[in-house]
Amino acid sequence: MISKEIVASAVDSVLKHIDGINSIKEEQLSAIEAICNRKDTVAFLLTGFGKSLIFQILPLVIKELGYGALTQKNDVRSPRRPTVTPTYTAFYSQGQYRITSLCLRQTRLSRALGMSHHSARMAADLPVKLKLLTLNCWAIPFLSKLRKERIRHIGEEISTRDYDVVCLQEVWSSKDFKSLKDMLSDCLPYAYQFHSGVVGSAICVFSKSPITEMFYHKYSANGLPHFWHPGEWLTGSMVGLCRIIHHGIKINIYVTHLHEETNAIKKYYYAHRLIQAYELSQFIKFTTSESSDVNVLMGDFNTEQHEGGYELICKLIEMNDSWITQQSKANEHSAGITCVSPSNPFTIPDELKMWPNGARIDYIFYNSSQRYDVKCIETNVTMTKVPGKDYSYSDHEGVATTLEIMPTENQEKQRTSNSQNEQNKVREHVLRHIRSELVELKTRRLNWIFRIFLILGVVFAFLLLDIPGANIVMSIAIVPTSFLLWYCIFMATLWWKSEEKSLRENLNLVELELMNN
């Protein structure tokens, strides 16, 4: 039997090495004393009382006492440290290192009582808050203004906040990603950058909780190769998935960056963006399994609320727009502008002609399984002007959201579903644009074929006709002319065929869904 005074002395010795804690409460000491004396102990204490501190310092107290003091003669059993779900951080971090190294065993109370994993979480200290941020960083090497300074400010600002997951777009340089990763290593220690296309997708995710799985899908419709701006073909626009476990809740984090909207007046861009949104919905549909509790979709969608891509996300996969569903009334008179803001110094004047009041194109969407209810507590437009500077963090503004996650009281709940008529209207909208794009594709192919014959005609004219200086002109123009000819052949054959197949594949998928609904 170990006296309370001896345990208290061991606790005092341990606390000397812990900053900010000089003593513990009587109830905490009583629990530690009971455990050290090999008694079965259950501590019921109020939220914020300090339950976690009991088992956080317990291994150190036992070490201070000396493990032999706890082992009775002919008794090789070790004390067992129970952890009540969902204190997963303490369970895993201490369980894998400190507890094991001190010959202590551990178990979760949910297992000991024969409770289901879900039922144990329902009995735990919930609700769980999930704080999210998405930002298009506009960090293009050699092109973006003040890129290095802004990346530094972005990292510093995020590090002062208490976000659980941050999704960034247009972080093109691996050096910028590494810089952000280093700056955020203390608050968001888990990071991943998705690689896609020729120059990479420039999408990255930072998380407070471990990233357990990753996957991505590159969109089949990605713009034209010779359009260096916006350069979607080179970047390989995509949707990425990172799976995390946050306080025992399995969360799918999806992040994307759809085709740029700068030239929205051209149907070509709209059609590609719509096809990307459709492929995005299919990707989420097939990667959202029964094991996923909550799904979050973030990024730069280059799509406004009245456009088909937005309706497709909200109606086909039944995602909730956090800006619309938030419970906070603080932003009820705000439009939530995230791009082409008149107050942003990086806004291009020509874009203000198309969007004089700005545009809301960056979103955080969410939904949940039948096991959980998710509420959006608050959503804000954030990271506008850099404090003390005359420039902004980016040409976009960030979107920050706080979600509240609770186990549902009724596990047989029915998610509010959009009617089949509404969903089919969205599918028909996608179908019309795909069919229209297929017609346009044939016209563009004829244009490329015409260019091929035009180039060949000019070359033969120089070779066959006795034009003064023709040899000099041909010797200078042979390289660029050959490149242009082969590019036209590539666009009229290989690229055209690839584009047609991707469009027809999406066409067949939409038609199949319409037939089955």
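Let's start at S173, which touches P141, R147 and Q193 once residues up to four places away in sequence are set aside, a contact being heavy atoms within 4.5 Å. This is a predicted model, where local features need pLDDT of at least 70, side-chain atom pairs count only at pLDDT 80 or more, and totals for chains, interfaces and linings use all residues. Residues are numbered from 1 along each chain as its sequence is written, and side-chain values use heavy atoms, with hydrogens and water left out.

S173 sits in the loop between strand 4 (165-171) and helix 8 (174-183); helices (H or I, at least four residues) and strands (E, at least two) are DSSP runs, numbered from the N terminus. At 15% relative accessibility S173 counts as buried, where buried means under 20% relative accessible area, exposed over 50% and partly exposed in between (1.4 Å probe, protein chains only).

One of the S173 contacts, R147, takes us to helix 7 (residues 147-159). Helix 7 has 13 residues and reaches 18 Å from its first C-alpha to its last, close to the 18 Å expected at 1.5 Å a residue; the expected span is 1.5 Å times one less than the number of residues. Buried in helix 7 are R147, R150, I151, H153, I154, G155, E157 and I158. Among the elements that cover these buried residues are strand 3 (128-139), strand 4 and helix 8.

R150 lies over the face of F346, at 5.4 Å from the ring centre; a charge sits over a ring if NZ of Lys or CZ of Arg is within 6 Å of the ring centre and within 35 degrees of the ring normal. F346 is in the loop between helix 12 (322-325) and helix 13 (349-354), and is buried, with a relative accessible area of 12%. Leaving aside neighbours within four places in sequence, F346 is in contact with W138, K145, L146, R150, Y391, S392, S394 and D395. One of these, S392, is 46 residues from F346 along the chain, yet their C-alpha atoms are separated by 7.5 Å.

I489 has its place in helix 15 and is partly exposed, with a relative accessible area of 27%. Apart from neighbours within four places in sequence, I489 is in contact with I452 and L494.

Now for the ring pairs. Rings of Phe, Tyr and Trp (its six-membered ring) pair if their centres lie within 6.5 Å; planes under 30 degrees apart count as stacked, over 60 as edge-to-face and the rest as tilted. By this rule the count comes to 13 aromatic pairs. Take Y192 and F194: their ring centres are 5.0 Å apart and their planes at 85°, so this pair is edge-to-face. Y192 counts as partly exposed at 29% relative accessibility, whereas F194 is buried at 3%.

Compare F483 and Y487, whose ring centres are 6.4 Å apart with planes at 20°, so the pair is stacked. Both belong to helix 15 (residues 470-516), and being four residues apart they are separated by about one helical turn. An α-helix has 3.6 residues a turn, so residues three or four places apart point the same way. Still, F483 counts as exposed at 61% relative accessibility, while Y487 is buried at 17%. Elsewhere, ring pairs link F301, Y310, Y363 and F365 into a cluster.

What about the cysteines? The structure holds zero disulfides, a disulfide being a pair of cysteine sulfur atoms within 2.5 Å. For C204, the nearest cysteine sulfur, that of C137, is 6.6 Å away. The sulfur of C242 is 7.4 Å from the closest cysteine sulfur, in C167, which is too far for a bond. C204 is buried, with a relative accessible area of 0%, and C242 likewise counts as buried at 0%.

Finally, step back to the whole protein. There are 15 helices and 14 strands, and buried residues make up 50% of the 517 residues. Among contacts between residues at least 6 apart in sequence, 75% join residues at least 24 apart. The accessible surface comes to about 26,400 Å², of which 56% belongs to carbon and sulfur atoms; accessible areas come from the Shrake-Rupley method with a 1.4 Å probe, and for residues only the protein chains shown count as cover.
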